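Please look over the sequence and the model that follow, and then read on for a short walk through some of their local features.

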Amino acid sequence: MSKIFTIDKKNKITIVRGDTAIFDLTLDNYTFVEGDKVYFTVKNTVYDTLNIIQKVITEFEENKVRIMLTKEDTDIDIGMYTYDVQCSLVNGLVDTVIIPATFEVIGGVTSD
């Protein structure tokens, strides 16, 4: 079975509307600790205040951030959005580890 969920070299994410996706993120030279938070946020543009999707990850297995997008998350209008990933660490540091990149939702033929 083939899924159309991709992350390219420029961090562009492409997903079919209503599909699910799970992907992991790790950081070089940092071990996540209790109290760290990682935010995956999708908006129409970087200038918007309304989040289309936001996942806040506070639990880490094997030092990985697991981001899970549900059918409900991706059941949004077909089009181009912007996303980023920001770490808010317990030591007070904030680091945007994936700068704003394209999040594209494409149409599919089959729906339920």
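A residue is called exposed when its relative accessible area is over 50%, and buried when that area is under 20%. The model shown here is a predicted one, and with these cut-offs in hand Asn29 counts as exposed, because its relative accessible area is 82%. Asn29 belongs to the loop that runs between β3 (21-25) and β4 (37-43), and its phi is positive, at about 65 degrees, although Asn29 is not a glycine.

A positive phi is also found at Glu62, where the angle is near 55 degrees in a residue other than glycine. Glu62 sits in the loop between β5 (53-57) and β6 (65-69), and Glu62 counts as exposed because its relative accessibility is 71%.

Is Asp73, by contrast, buried or exposed? Asp73 is buried, because its relative accessible area is 16%, which is to be read against the limit of under 20%. Asp73 is part of helix α1 (residues 71-74), and, apart from neighbours within four places in sequence, Asp73 is in contact with Ile53, Lys55 and Met68. With Lys55 there is a polar contact between the two side chains, at 2.7 Å.

How values were computed. Residues numbered from 1 in each chain as written. Predicted model: local features only at pLDDT ≥ 70, side-chain atom pairs only at ≥ 80, totals over all residues. Heavy atoms only, no water. Helix = DSSP H or I, 4+ residues; strand = E, 2+ residues; numbered from the N terminus. Buried < 20%, exposed > 50% of the residue type's maximum accessible area, 1.4 Å probe, protein only. Polar contact = N/O pair within 3.5 Å; in protein donor to acceptor, adjacent residues only side chain to side chain. Contact = heavy atoms within 4.5 Å.
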